[in-house]
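Subject: The structure I promised you

Hi,

Here is the structure I said I'd pass on. Have it open while you read, and I'll walk you through what turned up.

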Amino acid sequence: MKQISILLCFVTCIVYGQDCRYSLKGSVKDFHDGSIIQDVTLYIEQLNKYTTTNIKGEFSFADICSGSIVLVVSHVNCETKTINITIDGDIEKDITLEHHVEELNEVTVSGASNKETSTAQESLIKSDAIEDFSSASLGDVLKTVSGVSSINTGSTIVKPVINGLHSSRVIIMNNGVRLQDQEWGIEHAPNIDINGAGEISVIKGSGALAYGGDAIGGVVVVKPSRYISADTLYGRTIVGGQTNGRGYNVSSTLNRNYNSGWFAQIQGTYKRNGDFKAPDYNLTNTGLDSKSISGRFGKRDFESGFEVYYSYLDNEIGILGASHVGSIFDLERAINSGQPNLIEDFSYDINAPKQEVTHQMAKASYFKRFQNFGKVNLQYDYQHNQRFEFDVRIGDRRDIPAIDLTLQTHTISADVNLDANLNRKIDFGIIGRFQDNFANPATGVRRLIPDYEKYDFGAYITVDWQVSDETIFDAGIRYDFNRIDAKKFYLKSRWDERGYDDDFSDIIIEELATQFLTNPVFDYHNISASVGLKYDINDTSQIIGNYNLASRPPNVSELFSDGLHHSAARFEIGDIRFDKEIANRFSASYVYKAQKLNLLAEVFYNRIKDFIYLRPFDFINTIRGPFPLWEYQQTNAELYGIDFTATYELTNKFQLENKTAFIRGTDLEANSPLIDIPAFNTTNKIRYTNETWHNFSASLKSEWVFVQNKYPNFNFEVTNQLTNESILIDISTPPPAYHLLHFSSEATFALSKATNLNITLGVNNLFNTSYRNYLNRLRFFADDVGRNITLQLQLNY
Amino acid sequence: MNTLNFKTMKINFLNSNIMKTTKFFLSLFLCVALATSCSNDDDNPDPVNEEELITNVILTFTNNADSNDTVVMSSIAPDGQDGTSTETIVGSFTSGATYSLRLAITNASETPADDVLNDDIIPEADEHFFTYAVNSINLTMARDAGDVDGPDGNKLGVNTTWTAGAASTGNVQITLVHEPTGADDSNEFGSVTGGSEDLNITFTGAEIQ
């Protein structure tokens, strides 16, 4: 047989006149930094010939026949490369391999750190922790990080608060797109389906300059699950049910990946719940109906790739019926009665007051890596945010929303990661953004947020320098230009009352009977910067120091609000004279990681010049009685605090965990505490795990929130004009401290080689404790949610 | 479109290989930006004309025995519910006299002024209900036989008769409730449950001499 083969080969050679005396020589270098790689294995499939590169990275094959060959180049820690070469003479071929795929963040190794920054106070939330919150919201999952709390409107509108700051001071990035969803309002929750997230980074402070320079509070980076380069089809389905609110949720993700680098993912979620229940009564009209779907596809390999992404989210959120108040006396009655004035039987119905928000996002991105240089990324994204707020209205207006805003945002960005020298990485980039807001006049309610166009331009550069084995230094600077070009109607009476006539008479473009149409155009130039140092003291200890400078221009709500905010039943007055906020934040962290004990202590000091906040002022006498008046104010503020996280392994089955956050905020001009600063809170958890029993784990968590003693007293008195009684409106006193216990358990069962089922059973608020949270806008009207038993099945396939 | 000027500068930095892609993205951006901005750049937004805006509420009490003896209580809110209101009282009641109350509710921000009472409230009388209240002043009232029928067989409260008792000074309140869940005129001043208040005005310092 063998002889026949040789004969055949010989014949073939003769027939095709093949010449087998050629050589193939060359060298193998690293793609991203051009360094020599030795001990690379090269293999010619057809000839079954092997060789390896020498100390200079060189290789050579002799006696190769002409024709096509397939050369397989492989090396430990490198992606194997297959090259087709046509041999028609002596060939010299230089080959590049990538030896630093991990360092370049192109693949994730389980357990490896995948942080966005080197020296910022950054925490990662991994996919298994996110999955536990499948039926909840982004704000809920972020609260697992010490120092992150939330400001709520009920239990479904949850906005993250990072070290006491929220809304426009927190940037939320979703799959590389900065979320533009009218984030200025406290009752505007981030439009993200948590089920689409593979990993979340929470960065305290504004250290991540690539995302923006105005993140005085911090940055939340929501990343989709990582791409796997293999020929696979896999997915995940989560089905859950909750007793409180009779909620149910289902979420599915399906991924298809190919060896060639093509990938596609589709994900959808549906969540529904009816009225929640506080321990003593139903929270009428707190239902939620949430649908989301997203899809992405693309192709990527080490050298280049692209992605196209689209997501659609539709949330219909009921707002506690009892929170609908008329005049200030209704508010006073609600505060003093301690019980909601509207309690009905359980229902899934969502009536006014309610919100209906749809958010669509489309993105196309492309990257290419250049030899000895780095990576260039280009991206265009578009967001369409439609917000309806339905107030309790009467007659023909019942079905007309009181707020109807359409916000569209286009962003184009380009950035370059120079990582040829892994010890000194440089990133720079630019961004351009155009935003258009349309406030529909068909609401029949004067616009709280005007029509506007906004132009942003930003440019940044950051350096990440591994100074020595123990020391990393990073620094960055960013410039942003923002222009707001608004068309705003002012009531003449308000215009005069604010004294705008003296300073802004030139922006009036039209005069109506009772209103001026104005065209304010404001430009802001902002500089932000960051510098930090990380030093490994020894194998177990690390210290990190960081300084951030951030500037945030006032948002449209702070500038232009000037009327009755129907859903809040209060007047909100902004000020077009506001300057930008400038924050100087200093932070230091100590990290200790040993076998049994892990510690993280983070301290920060944040001094904010021209801090803008919404202050309960007094009241305004209207023909419908006195209404509360809240004004945006600008002051100098300081915030400081400490966030502490510790885990300790008691035995290999029992683990203890503590998370504690302390923060203090001061209005330096009034020399009084800042409003809406989270109270001291500490969470302790004991966890039992037994891996041999289907990865079983059970944990008991104690959540203790203290009373906020440091609050500004913005209480005021209103005279009931009919009776001449003086009535105190206590809108400042925080609710008392509370302690909650939560239980959670889970186990995972393998159904087949590639399929497993994870079952989670939990009880929130185990003792059905009545409580109210200082940072819940509805705390005046009702208790928070009572006991909730949750069951969740997760099938991975 | 001044945001785009910087792009020219930027392109020089980049490798020519990616010029095409950049140009593609840039032109895409331009197109979309133009498409959105042109659509609503030139025209100014429409003003919002609030429906059922009420600016002037005037209560005129006329002595049935002497048409020159009147008490006029007016509440003027030029911006309706969206701004402050000012209340004034002209005249004083005569002890022992009986007064007819006539209401005028208008939107004076329109020219000519809208008669909200006759054009909107009375035609929808079954959805509206007036209630009154007094404090420290010896006034009593009754809904007239000829009053407009309001919700659930109750009288709306636009035509009322007031009797001034002993000399006193105090406050008079009028409220207009839209779509009350329950209305009751059995105590003449009227009481409601539910609904929303279109008006809630208190006149202070009314006087009986």
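How do strand β22 and β23 of chain A pair, and over how many bridges? Before the answer, one caution: this is a predicted model. Now the answer: β22 (residues 354–370) and β23 pair in the antiparallel sense, over 17 bridges. To see the pairing for yourself, look for A:Ala362, which stands opposite A:Tyr382 in β23(A).

The two strands form a hairpin, with three residues between them. In that turn you'll find A:Asn372, whose phi is positive at about 55°.

β23(A) has another partner too: it pairs with strand β24 (residues 403–418) of chain A, again in the antiparallel sense, over 16 bridges. Go back to A:Tyr382 and look towards β24(A), and you'll see that A:Tyr382 stands opposite A:His410 there. Is β23 enclosed or open? Of its 17 residues (374–390), 12 are buried, so the strand is largely enclosed by the rest of the structure.

A:Pro353 lies in the loop between α4 (328–337) and β22 of chain A, and the peptide bond joining A:Ala352 to A:Pro353 is cis, with omega about 0°. Chain B has a cis bond as well, from B:Thr111 to B:Pro112, with omega near -5°. B:Pro112 is in the loop between β4 (98–107) and β5 (114–115) of chain B. These are worth a look because most peptide bonds are trans, and most residues other than glycine have a negative phi.

On the subject of phi, here are two asparagines in chain A loops:

- A:Asn163 has a positive phi of about 50°, although it is not a glycine. You'll find A:Asn163 in the loop between β10 (157–162) and β11 (170–174). A:Asn163 counts as buried because it has 30 C-beta neighbours inside 10 Å.
- A:Asn768 also isn't a glycine, and has a positive phi of about 55°. Its place is in the loop between β44 (756–764) and β45 (788–796). With 16 other C-beta atoms within 10 Å, A:Asn768 is partly exposed.

Is A:Gln435 buried or exposed? It's buried, because 20 other C-beta atoms lie within 10 Å and 20 is enough to count as buried. A:Lys454 is 19 residues away from A:Gln435 along the chain, yet their C-alpha atoms are separated by 4.9 Å. Leaving out residues up to four places away in sequence, A:Gln435 touches several others, including A:Gln180, A:Leu407 and A:Glu453.

In soluble globular proteins, nonpolar side chains tend to be buried together. The largest nonpolar core here has 85 residues, and the ones touching the most other members are A:Val141, A:Met173, A:Ile200, A:Val219 and A:Val220. Strand β36 (residues 625–649) of chain A gives the most to this core, with six residues. For a closer look, pick A:Ile200: setting aside neighbours within four places in sequence, its contacts include A:Ile125, A:Ile130, A:Val141 and A:Val220. There is also a second, separate core of 33 residues, and B:Val71, B:Ile105, B:Val116 and B:Ala206 are among them.

Happy exploring!

Note on methods. Residues numbered from 1 in each chain as written. Chains lettered and ligands numbered in written order. Predicted model: local features only at pLDDT ≥ 70, side-chain atom pairs only at ≥ 80, totals over all residues. Contact = placed C-beta atoms within 7 Å. Helix = DSSP H or I, 4+ residues; strand = E, 2+ residues; numbered from the N terminus. Pairing = 2+ DSSP bridges. Core = buried A, V, L, I, M, F, W, Y, C linked by C-beta atoms within 7 Å.
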